[in-house]
Amino acid sequence: MKLYKTIIEATIEAARTCSEWKLTNGDATYNVEEIEEIAGIYDVASPNVSEATYYCVFPDGEIDVVNTETKIYSPIFIPSNQSQPSIPESITSESPSDDQIRFCTNCGSPVTPDALFCDNCGTRVR
């Protein structure tokens, strides 16, 4: 997962692994040019995002806005073949209980509660 200060930077990175997205609240699909156009308009309309606000890109091309202080992720664009966002809306920095699903901080993949390493990328998760 990579972080960017503008959504246009995030969409350029996401286009390396994905070619078609949909908004999390709709079914219409958008290609690279359309997503970059939407992102450019958004960046111009919302230039004053907080110091703790970033846009993150997951390995599958999903783009979320994240507040690094509150650890709240809000999916914006998901790959068109994906039905749900990669991560839950909120991730806390505290250790999860045994019944909670955790996600790799490197690639965003779900990891089992007892895992020490991510099955997808090998990053240590505990």
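Trainee: Is Tyr73 buried or exposed?

Mentor: Please bear in mind that this is a predicted model. The general idea is to look at the relative accessible area, and a residue counts as buried when that value is under 20%. Tyr73 has a relative accessible area of 11%, so Tyr73 is buried.

Trainee: How many aromatic pairs does the structure hold?

Mentor: The structure holds two aromatic pairs. One of them joins Tyr42 and Tyr55, with 6.3 Å from centre to centre and 90° between the planes, an edge-to-face arrangement. Tyr42 is partly exposed, at 37% relative accessibility, whereas Tyr55 is buried, at 1%.

Another pair is formed by Phe58 and Tyr73, whose rings are tilted: the centres are 6.5 Å apart and the planes 45° apart. This pair also links distant parts of the chain, 15 residues apart: Phe58 lies in the loop between S4 and strand S5 (63-67), and Tyr73 in strand S6 (residues 72-79). Phe58 is buried, with a relative accessible area of 2%.

Trainee: Over which ring does the charged end of Lys5 sit?

Mentor: For such a feature, one looks at where the charged end lies relative to the centre of a ring. Here the charged end of Lys5 sits over the ring of Tyr54, 4.4 Å from the centre of that ring.

Trainee: Which residues of helix H1 are buried?

Mentor: In helix H1 (residues 7-14), the buried residues are Ile7, Ala10, Thr11, Glu13 and Ala14.

Trainee: How many disulfides does the count come to?

Mentor: A disulfide requires a pair of cysteine sulfur atoms within 2.5 Å. By this rule, the count comes to zero disulfides. As for the burial of cysteines, Cys18 has a relative accessible area of 9% and is buried. Cys56 is also buried, at 0% relative accessibility.

Terms used. Residues numbered from 1 in each chain as written. Predicted model: local features only at pLDDT ≥ 70, side-chain atom pairs only at ≥ 80, totals over all residues. Heavy atoms only, no water. Buried < 20%, exposed > 50% of the residue type's maximum accessible area, 1.4 Å probe, protein only. Phe/Tyr/Trp six-rings, centres within 6.5 Å; stacked < 30°, edge-to-face > 60°. Helix = DSSP H or I, 4+ residues; strand = E, 2+ residues; numbered from the N terminus. Lys NZ or Arg CZ within 6 Å of the ring centre and 35° of its normal.
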